[in-house]
Amino acid sequence: MIFDRKNLNSNQLLEFYKKLLWPRLVEEKMLILLRQGRIGKWFSGIGQEAIAIGSTLAMNSDEYILPMHRNLGVFTARDIPLSRLMAQWQGKASGFTKGRDRSFHFGTQEYKIIGMISHLGPQLALADGIALADVLSKRKKATLVFTGEGATSEGDFHEALNIAAVWNLPVIFLIENNGYGLSTPVSEQYNCKYLVDKAIGYGMEGRRIDGNNLLEVYHTVSELAASMRENPRPVLLECMTFRMRGHEEASGTKYVPQHLFDTWKEKDPIRNFENYLLDENVLRPEWIPEMKKEFFTQIESEIERVFNEPDIIPDVETEVKDMYKPYNFPTFQPSNLSTTKRYIDAISDGLRQSMRKHDNLVIMGQDIAEYGGAFKITQGFVEEFGRGRVRNTPICESGVVGAAMGLAINGYKAVMEMQFADFATVGFNQIINNLAKTHYRWEQGVDVVIRMPAGAGTGAGPFHSQSNESWFTKTPGLKVVYPAFPADAKGLLMAAIDDPNPVMYFEHKYLYRSNSGEVPEGDYYIEIGKAKVIQEGTAASIITYGLGVHWAIEYAAKYPDLSVEIIDLRSLQPWDKDAVEKSAKKTGRVLILQEDTLTSGFGGEIAAHLAEHCFKHLDAPIMRCASLDTAIPMNKALEEQFLAKARLEETMQKLLNY
């Protein structure tokens, strides 16, 4: 192994050695604690420390790094105290996640580190968003994100690299190629000779280096980062190394041929760098045991202090409250001026008004720039706000959701347009496991709105017509809104954008051009979680939202002698339990109307709540009217049969006659 110190002086080299030695000694202690049964799990990075240490030291301290679960050196090289890390690993209150997540599954703005989640790959797209925020703000920074050779098989890898290449984002995508994904060797992971060869397919630069050579890693990343700060672009960096221990300690290493251990043992990054420093007279032999003794003493002290910290005392109120970032609904004076607008134009108005109000707001989606989006909601936005803030995206929903989250992490607001709500399946992991859980895990607000053009009525068939709101209402950490009228569409959208939490904003395609109403000019907000009484009544209550509101109004108009109360929920997460309970107690009869299919639809949640809290006030069973438990057909007659509206009169008659 050949080391090249270049412009590094002896003091710097000695400091590098200490930075390299520290995580190795910490890991050795962790393995002892694991054998003693004092900790439950450990993912070892022994033998790979040079990559984490070298690359971290090469980045500026105010630049983001997104590591993996074997990168202890990233955290220690950023000088996070061991006691804080140990508290995180042990689930103590003084850890970064208050005992809510494990090991390195956390982020910290203080140290500019954004940890991974268990689903390998999503962090790559977050790096894109972080880098995009730096580019838009004209900050000359680079972003470093880690992945393993196994995770390069995931779609997230492709999507993130493709976005970064198309947008010229200054991201170093670092692959730690350690030979095995758990027990799967590289020969069963990919069929190219080197992973770095994939770079050419994305139109980006690629480098392949010895990941066990600390100085080679440091100088390569230093050179790349310096260049990318001035000339933003992505680079794929493959660092060759080896995993000297199992995927995690319980898995063992019996599946690895012994000759590989023998070969890579000779390439141990610490031993080789140590010998180099001894040969260069930078390090003296007698210093090594003294350093280790000092480190061991510090490690023992910090670890035992954490073991002696009290365990967390669970508190339900705290846990529920921390799912969402605190938010105060804005005080504003609604304009006395209003204009008749279509539902679609009200959405466009809310977006435009928010773009003017928040200069850190970026909207992204397929075809949304010059073309104006599939439904023309963003037509004219590029001319007013520029392509930097109105961004066409490649067709890669997971990558774009991740980039939106990265923007939010780095000080921006993001609105992403799913071209159709049905396509959210392709970005489901990022929404459910990244956007929704981040504030609960490490108190980071995720200022992202995902617009969801949803619903049937246009003969668009099974893949463009679903009402899939219940996929998200059961996910804590997300807010879900579903306006039925133009004014609500604008007010809820502006409120969603203002809110620092992730919001799924459902907008019904059938209403785009079929529904009009008065919409206030200027800033206009409707508080998320507040229902609206559409009309008062005493005979029965229809609780509904979205297109169902219009079905209910149509029904009530057809039967004017019936005193039907109609409640438009407007928000589904949180939903207005007080308004619904009040109506149920008033009328004694409740029909829940939803466009979604019957089984496991959101109406079931409302029914369960009312049965539990309003049972003694009811004069009839709570009834649900929903669409058939089938996929949505394209044929008009079949679609009409499918929709809940086809059974509304029958169900209401049954309720009223009970």
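These notebook entries record what I looked up in the predicted model of one protein chain.

**Entry 1. Ground rules**

I worked from a predicted model, in which local features need pLDDT of at least 70, side-chain atom pairs count only at pLDDT 80 or more, and totals for chains, interfaces and linings use all residues. Residues are numbered from 1 along each chain as its sequence is written, and side-chain values use heavy atoms, with hydrogens and water left out.

**Entry 2. The chain as a whole**

I began with the overall dimensions. The C-alpha trace of the protein chain spans about 100 × 55 × 50 Å along its principal axes. I then compared the radius of gyration, taken over C-alpha atoms, with the globule rule of 2.2 Å times the number of residues to the power 0.38. For 658 residues a compact globule would have a value near 26 Å, and the 28 Å of the protein chain agrees with this.

I noted 24 helices and 23 strands in the protein chain. Helices (H or I, at least four residues) and strands (E, at least two) are DSSP runs, numbered from the N terminus.

For burial I used relative accessible area: buried means under 20%, exposed over 50%, and partly exposed in between (1.4 Å probe, protein chains only). By this criterion 60% of the 658 residues of the protein chain count as buried. The accessible surface, from the Shrake-Rupley method with a 1.4 Å probe, comes to about 26100 Å², and 50% of it belongs to carbon and sulfur atoms.

Contact means heavy atoms within 4.5 Å. Among the contacts in the protein chain with a separation of 6 or more, 79% are between residues 24 or more positions apart.

**Entry 3. Helix 1 and helix 8**

Two packed helices are described by the angle between their axes and the distance between the axes. Axes are lines fitted to C-alpha atoms, for helices over the stretch in contact, and angles run from 0 to 180 degrees between N-to-C directions. I found that the axes of helix 1 (residues 10-35) and helix 8 (residues 214-230) come within 12 Å and cross at roughly 110°. Helix 1 is therefore roughly perpendicular to helix 8, a term that covers 65 to 115 degrees. At this crossing Leu-13, Phe-16 and Leu-20 of helix 1 meet Leu-214, Leu-215 and Tyr-218 of helix 8.

**Entry 4. Helix 4**

I next examined helix 4 (residues 82-89), in which seven of the eight residues are buried. Among them are Leu-82, Met-86 and Trp-89. The buried residues of helix 4 pack against helix 1, helix 3 (72-77) and helix 11 (287-307). Just after helix 4, Gly-91 takes a positive phi of about 70°.

Strands pair if DSSP finds at least two bridges between them. I traced an open sheet of seven strands with mixed pairing, in the order 12-11-13-14-16-15-21. Its edge strands are strand 12 (390-392) and strand 21, each pairing on one side only. The twist from one strand to the next averages 20°. Within this order, strand 13 (residues 413-417) and strand 14 (residues 448-454) run parallel and are joined by four bridges. Met-416 has Ile-450 in strand 14 as its bridge partner.

I traced another open sheet, with five strands in the order 18-20-19-22-23 and mixed pairing. Strand 18 (532-535) and strand 23 (623-627) are its edges, each pairing on one side only. Here the twist averages 25° from one strand to the next. Strand 19 (residues 540-544) pairs with strand 22 (residues 590-597) in the parallel sense over three bridges, and Ile-542 stands opposite Leu-591 in strand 22.

**Entry 5. Backbone details**

I listed two residues other than glycine with positive phi. Lys-138, with phi near 60°, lies in the loop between helix 5 (122-136) and strand 4 (143-148) and counts as exposed at 73% relative accessibility. Arg-570, with phi of about 65°, lies in the loop between strand 20 (564-568) and strand 21 and is buried at 10%.

I also noted a cis peptide bond from Gln-573 to Pro-574, with omega near 0°. Pro-574 is in the loop between strand 21 (571-573) and helix 21 (577-587).

**Entry 6. Pro-486**

Lastly I looked up Pro-486 in helix 19 (residues 486-498), which is buried with a relative accessible area of 1%. Leaving aside residues up to four places away in sequence, Pro-486 touches residues including Tyr-343, Ala-346 and Val-519.

Terms used. Parallel < 35°, antiparallel > 145°, perpendicular 65-115°, else oblique.
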